[in-house]
Structures are given as structure tokens and as C-alpha cells.
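Hi everyone, thanks for coming. Let me put the sequence and structure on the screen, and then we can walk through it together.

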Amino acid sequence: MTNTSLEPGTLSIDAQPGPFHFDPARTALIVIDMQRDFIEPGGFGESLGNDVTLLAEIVPTVAALLDFARRHGWLVVHTRESHAPDMSDCPPAKHARGAPDTRIGDHGPMGRILIRGEPGNAIIDALAPVAGELVIDKPGKGAFYATRLGEELAMRGITHLFFAGVTTEVCVQTSMREANDRGYDSLLIEDATASYFPAFKQATLDMVRSQGGIVGWTAPFSSLKPLDGQS
Ligand code: TIU
């Protein structure tokens, strides 16, 4: 028998594979790696041989999602894939991959590629963090590995996560899987995430919500509209 009664304060969103229930007071929006290094020419994404133009298409939707989260008072977390200037947090195996002339730490048109503090490593202006939001620098693909994210969420009693950002099958999916194993319920906003490979984005959406939501839920941004006025 299905228990359909929800705790007071719980909201519900039309999602796949079924409704996503969450307590807005215990919810955070995690925006993954919306950095110049991935979205603009001359950064890490392009150095790996990718067409970066595909990623810019989601910026208006991510901006609208950020506006929604801010209006509703949710915790907002931005991540940046980045390494220390001395690259002590960059495993040799990661450094060794990619185009031989432009690797992590090399000089590009936006400064040293994927290095903390360089112009290319910044979050794009249109999605810039505002006061009170967390910015998490991460040396890996996942947002929890070698960061303080888990502690920051735990100290605020966060239990539910909305995910957006790039790229769907790399840093977003890795972070969602890390969150899943840590006990969070996660919802991926379908039109607020992008990949250099549209087929990989689609496959990731399918994987996340398969087997009854083996990793989490997915829904378009429009599914949040009915919540305006409720939380
Ligand atoms: N290469 C690729 O698709 N992604 C990354 O390297 N990092 C993130 O996804 N942020």
C-alpha cells in the first residue's frame, strides 16, 4: 500500500519517475560549474576538444531557477571545478588527459586553465553568486569529494537538493550520485543542465530516473511554476 500522506510543509513537483516531494526549508539549489572555463572559448572545456556553444543555451533557465530559489529563501550553492595554483590537488592522471598543448594549469586566453582565481575559472557574470550563497571549489568532478559541501549541508539540516549546471553526464551526474549515496533526495532540472554531447545529456536523464529513481528525479523548470505562492 502506498502512503500518500505528506508531512506538513512538504511540497510536491510533477517529476519523473514520479512526484518529487520536498520540504522547502530543508532544500538547497546546487548549481554545478557554470564557469567561463566550460562555457566560453579558451577554457578547459574547449581545451578538451569540445564545442562550447551548446552550453550557453541553458543560461536563461539557470538564471530563472536561481531567481526562484532566491525568492523562496532556499540555500544556494555554486560549485567551481578548480585547482590550486601549485596544482597540488590535481592528480597526475587528471593532468595527463586532454589536448597535449593546453592542459590544466597551462596559460590560455582566460588565464591558467582550471586554476582557482584565474579569470576563466569564475562563474559567468549572468549567474554570479550573491551575498549569503555558498561557493564551493572542487578539485574533482563530484561536488562532495574533497570539499566541505557535506558539512555545510548537514549543519543546515538540508535533505533535498535541486541540481542544475554543466556538464550533465560528468560533474552534474557525479555530484548527484555522491548525493544519492549520502542519503539526499535529488531533482535534476532538465532544461537547466547541458552537455557538449546532447545524446549524453539525454542518456543521463534516462539513467537518473530509471529503476524507480535509482539516482533521483528529473523535471523541467516549468514544473516549479505551480509552487509560486506556496513557499
Ligand atoms: N568535460 C566535461 O564534460 N566536464 C568536466 O570536465 N567538468 C564538468 O562537467 N564540470
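Let's start at P17, which sits in the loop between β1 (11–13) and β2 (20–22); helices (H or I, at least four residues) and strands (E, at least two) are DSSP runs, numbered from the N terminus. The peptide bond from Q16 to P17 is cis, with omega near 5°.

A word on the source: this is a predicted model, where local features need pLDDT of at least 70 and side-chain atom pairs count only at pLDDT 80 or more, while totals for chains, interfaces and linings use all residues. Residues are numbered from 1 along each chain as its sequence is written, and side-chain values use heavy atoms, with hydrogens and water left out.

A cis peptide bond also joins V166 and T167, with omega about -20°. You will find T167 in the loop between β8 (160–166) and α6.

V166 brings us to the ligand. Which residues surround it? They are D33, F38, F44, L48, E81, K141, V166, T167, V170, C171 and Y196, each with a heavy atom within 4 Å of the ligand. This shell divides into 7 nonpolar, 1 polar and 3 charged residues. Here Ala, Val, Leu, Ile, Met, Phe, Trp, Tyr, Cys and Pro count as nonpolar, Asp, Glu, Lys and Arg as charged, and the others, Gly among them, as polar.

Now some N and O pairs within 3.5 Å. A polar side-chain atom of D33 lies 2.7 Å from a nitrogen atom of the ligand. A backbone N or O atom of V166 is 3.1 Å from a ligand nitrogen atom, and one of C171 is 3.2 Å from a ligand oxygen atom. Taken alone, the ligand exposes 280 Å², and the protein buries 93% of that (Shrake-Rupley method, 1.4 Å probe).

Where is the empty space in the protein? Rolling a probe the size of a water molecule over the atoms shows where it is left. About 400 Å³ of space lies in the largest pocket, the volume being the space filled by probe spheres set on grid points joined across faces, edges and corners. A pocket, on a 1 Å grid over the protein atoms alone, is an open set of points where a 1.4 Å probe fits, with protein on both sides within 12 Å along at least five of seven lines; lining residues have an atom within 4 Å of a point. Of the 25 lining residues, F44, L48, N50, K141 and V170 are the closest to the centre of the largest pocket.

Methods:
A polar contact is a pair of N or O atoms within 3.5 Å; within protein, one must be able to donate a hydrogen and the other to accept it, and residues adjacent in sequence count only if both atoms are side-chain atoms.
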